[in-house]
Structures are given as structure tokens and as C-alpha cells.
Amino acid sequence: MALNYIWIFFILGAFIVALCKWIFFGDASTFALIIDSTFSMSKTAFDISIGLTGTLALWMGLMSVGEKGGAVQVMTKLVGPFFSRIFPDVPKNHPAISSMMMNFSANMLGLDNAATPLGLKAMKELQEINKEKDTASNPMIMFLVLNTSGLTLIPITVMMYRAELGAGNPTDVFIPILLATSISSLGGLLIVSIYQKINLLDKVILAYVGGLVLLIIGTITLFYNLSPEDANTVSSIAGNLILLSIICSFVGLAAYRKINAYDAFIEGAKEGFKTAVTIIPYLVAILVAIGMFRASGALEYIIGGIKWTIQDGIGIDAAFVDALPVAFMKPLSGSGARGVMLDIMNAEGADSFAGKLSSMMQGATDTTFYIIAVYFGSVNIRKTRYAITCGLFADFMGVIAAIFLAYLFF
């Protein structure tokens with residue numbers, strides 16, 4: 001229901017803004033911009049889903065090989081104790097556990113092409129144990145919110161953009177981004193745990209979270225003093241090596257157990273193709289509404305109103321407001337937020353306060369509405385319950401942390 005209200009707000013809000021521009025300022029061009037955006041964004045939605053088809057077929061095929069060969073069961077045991085606490089409704093050793101673990105791992109390494117199909121695979125498996133097929137279950141919501149929090153150990157893309165735009169030290173945002181995205185993820189875990197009455201003080205949960213903290217500290221230590229080129233090289237080698245190792249272990253174990261790996265792959269790949277087709281209507285709906293809202297200029301008015309309120313109304317430092325367009329755009333569109341970030345760094349300078357903060361906001365969270373549309377759409381979930389509320393709370397925590405850390409570091 002919440003997604004319905006947001007969708008209506010984007011569309012009607014865009015129309016009202018365009019109407020006001022025409023009535024009060026005589027500018028009727030916004031109507032054409034909005035209509036143009038509906039066509040371009042619907043095409044974009046279709047292109048995204050078609051672009052995902054090959055990747056979905058590949059990774060769902062590999063997951064099918066892993067399941068039949070037993071590799072998935074081995075991976076499940078590694079995270080079983082932790083996941084049994086935060087996903088108490090998922091049966092022990094269920095295939096969804098390994099899919100979720102691999103999705104989280106791919107996200108942490110910044111491997112978006114692998115993360116999305118693994119996430120969709122997890123959603124399909126969670127749907128199999130969902131008693132109300134049109135309503136998001138507790139495990140689905142926890143999984144989705146942890147995805148939208150965007151925990152990434154290596155924000156290499158942001159650092160490379162900063163290098164291309166002339167930043168003196170492109171990696172100076174590395175630690176702040178890691179801290180901000182970690183706070184976002186912990187905020188998401190906390191708010192969903194409150195809704196679902198999960199005890200976060202459980203010693204197993206504390207042990208796993210502590211291990212993640214140590215991993216983050218180790219990653220910071222490794223990458224902080226590397227040049228962007230060296231960081232990119234190490235990140236690329238590590239990510240590709242991990243992915244290749246997973247593929248080979250799946251195929252190798254299937255061969256060892258005399259499983260027909262090829263047939264298993266084809267079976268899973270067929271499901272990937274079906275999933276890609278299923279998400280098209282959901283992508284068209286959300287991306288068209290977002291495109292209309294952006295084309296109307298409504299977002300610019302919101303940012304301007306916030307800046308006036310903080311700077312002129314309250315009278316406090318509003319330097320952070322120049323970077324807020326990234327924070328508002330990120331839950332709606334990853335490419336849109338990236339474009340806004342680059343525009344800010346071009347206008348203000350990569351080493352300006354706004355340039356650094358926009359980089360941090362880009363790396364702190366993920367595209368909440370896109371993830372909701374794609375993940376829930378892939379299994380025909382229409383009642384999202386409190387998923388959007390918790391996802392946006394995680395985004396909010398990441399943005400607030402980014403602002404605080406920007407003032408602290410820069």
C-alpha cells in the first residue's frame with residue numbers, strides 16, 4: 001500500500017508542479033518534458049530488464065548447479081547460526097540462506113552484476129516458504145532492507161570518479177563512506193529487528209557482527225593508503241578471483257558427485273529468463289513515476305525549500321544542502337544519483353565540501369525503490385508492509401551519518 005501512495009504522489013506531484021509553472025510563470029514546456037520522460041523511462045525499464053536476462057540466466061543456472069552438487073549446503077552451514085537468529089522464519093539449511101549470503105557478499109565487494117540475480121534467486125526461495133503469496137514476509141523484509149542499506153566494503157567506483165574529476169586525494173572519502181554505509185546497515189538491522197522482535201544482544205549475532213566490523217577495519221587498513229589505480233586493481237582481482245572460485249567450486253563439486261552439471265545449469269537458467277520478464281511491469285511503473293517527478297523540477301524545489309529553511313529560517317550552516325540532491329535521488333535511481341554527484345563535483349569541485357559529501361552519500365546507501373520494485377516484483381509481492389519504512393530509515397541513517405562524518409573529517 002505504501003508503494004501505491006508513493007507512486008501516486010510522484011505522478012500527481014509532477015503534474016501539479018507543471019501546472020503551477022504554466023499558470024504562474026507562463027512556462028508550458030514542463031508538460032512536454034514530463035511526457036518525454038514517460039517514454040524514455042519506460043524504454044529504460046525495458047532495457048534494464050532485458051540487460052538483466054543474460055546475467056540472471058547465468059547466475060540462476062550456476063546456483064542450480066551449486067544446489068544439486070551440494071556446494072550451496074556447505075555455504076549455508078557457514079552462516080547458519082547467524083541467519084537463524086535474524087531470519088528465524090527460514091528453516092535451517094534452506095537454500096535461501098546461501099543465496100542471501102552470496103548476494104550480501106557480492107554487494108560488499110561492489111559486484112552489482114552478480115548481486116542482483118543472486119538476490120532475485122533468494123527472493124524466489126523465500127517466496128516458496130511464504131504463506132501469504134501477495135504479502136512480504138518477515139524474512140523478505142529483513143533481506144530487502146539489508147540490501148537497501150548498501151553495505152559495500154570497497155566503494156571503488158566513487159573513488160575512480162573522484163580521480164577522473166581531479167580530486168587531490170580520491171581515496172580520502174574511503175573511510176567516511178565505509179563508516180556511513182556500516183551505520184546505514186546497522187540502522188536497517190536495528191529497525192527491522194524492532195518490528196520483528198529479534199534479540200540483537202544474542203551472543204551469536206554479536207559475534208558475527210563483530211567479525212564484520214573486523215573485516216571492515218582490515219579492508220580500511222588495506223585500501224586507505226593505496227592509489228586509486230592500485231585500489232582498483234586489487235579490488236578487481238579480488239572480486240574476480242572470488243567469483244571464479246565460486247563458479248569452479250560449484251561445477252567441481254557437482255562433477256565429483258557425478259551430477260549432470262550442464263542439465264542443472266540449463267534448468268536454472270530457464271528460471272532466470274522467466275524472472276527477467278516478470279519484473280518488466282514493476283520496473284516500468286516505478287521508473288516512469290520517478291522520471292516524471294524529476295522532469296517536473298519538483299525535486300529542485302524541495303532542495304531549495306530545505307536550503308532556505310536551514311540557512312535563512314534557522315540560521316545554521318547549510319553547506320551540506322548542496323549535496324542533498326544525491327541523498328534524495330539515491331533511493332529513486334542509482335544512475336540519477338550518480339549523475340547528480342558528477343554534476344555537483346563538476347560545479348563545486350571534487351575537493352569541495354559538497355563534492356566530498358555527495359561522494360559519501362552516493363556510497364552510503366542503495367536504490368531503495370528500485371530494489372523494492374525489482375525484488376518484490378520478481379515474486380509478485382504487492383503488500384510490502386513496513387519494508388519501505390525500514391528501507392528509507394536505513395537510507396536516512398546513512399545520509400545523517402554521511403553529513404556528520406563529512407563535518408568531522410573535512
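This report walks through aromatic pairs, salt bridges, a nonpolar surface patch and a pocket in the structure above.

## About the model

This is a predicted model, in which local features need pLDDT of at least 70 and side-chain atom pairs count only at pLDDT 80 or more, while totals for chains, interfaces and linings use all residues. Residues are numbered from 1 along each chain as its sequence is written, and side-chain values use heavy atoms, with hydrogens and water left out.

## Aromatic pairs

Let's start with the rings. A pair of aromatic rings is described by the distance of the centres and the angle of the planes. Here, rings of Phe, Tyr and Trp (its six-membered ring) pair if their centres lie within 6.5 Å; planes under 30 degrees apart count as stacked, over 60 as edge-to-face and the rest as tilted. The structure holds 13 aromatic pairs. One of them joins Phe 82 and Tyr 208, and is stacked, at 5.2 Å centre to centre with 20° between the planes. This pair links distant parts of the chain, as Phe 82 sits in helix H3 (residues 71-86) and Tyr 208 in helix H9 (residues 203-223), 126 residues apart. Helices are DSSP runs (H or I, at least four residues), numbered from the N terminus.

How covered are the two partners? Buried means under 20% relative accessible area, exposed over 50%, and partly exposed in between (1.4 Å probe, protein chains only). Phe 82 counts as buried because its relative accessibility is 14%, whereas Tyr 208 counts as partly exposed at 31%. Both rings belong to one aromatic cluster, together with Phe 83, Phe 87, Phe 104, Phe 143 and Tyr 375.

## Salt bridges

There are six salt bridges in the structure, each a side-chain nitrogen of Lys or Arg within 4 Å of a carboxyl oxygen of Asp or Glu. In one of them, Glu 267 meets Lys 68 at 3.7 Å, N to O. The two lie in distant parts of the chain, 199 residues apart: Glu 267 in helix H11 (residues 261-278) and Lys 68 in helix H2 (residues 29-69). Glu 267 is partly exposed at 46% relative accessibility, and Lys 68 is partly exposed at 39%.

Another salt bridge brings Asp 202 and Arg 85 together at 3.4 Å, N to O. Asp 202 is in the loop between helix H8 (174-196) and H9, while Arg 85 is in helix H3, 117 residues apart. Lys 383 also forms a salt bridge, with Asp 134, and their closest N and O atoms are 3.8 Å apart. This pair spans 249 residues, from the loop between helix H5 (112-128) and helix H6 (138-148), where Asp 134 lies, to the loop between helix H17 (368-377) and helix H18 (387-409), which holds Lys 383.

## The second largest pocket

A pocket is an open set of points on a 1 Å grid over the protein atoms alone, where a 1.4 Å probe fits, with protein on both sides within 12 Å along at least five of seven lines; lining residues have an atom within 4 Å of a point. The second largest pocket has a volume of about 760 Å³, the volume being the space filled by probe spheres set on the points, which are joined across faces, edges and corners. Of its 30 lining residues, Phe 82, Phe 104, Met 108, Leu 151 and Leu 212 are the closest to the centre.

Which helix supplies the largest share of the lining? H9 does, with seven residues. H3, helix H4 (95-108), H6, H8 and H9 each supply at least two residues of this lining.

## A nonpolar surface patch

Trp 7, Ile 8, Leu 12, Phe 15 and Ile 16 make a nonpolar surface patch of about 470 Å². Patches are made of residues with over 30% relative accessible area and no salt bridge, with like charges joined within 9 Å and nonpolar side chains (Val, Leu, Ile, Met, Phe, Trp, Tyr) within 5 Å. Accessible areas come from the Shrake-Rupley method with a 1.4 Å probe, and for residues only the protein chains shown count as cover. Trp 7 lies in helix H1 (residues 2-25) and is partly exposed, at 34% relative accessibility.
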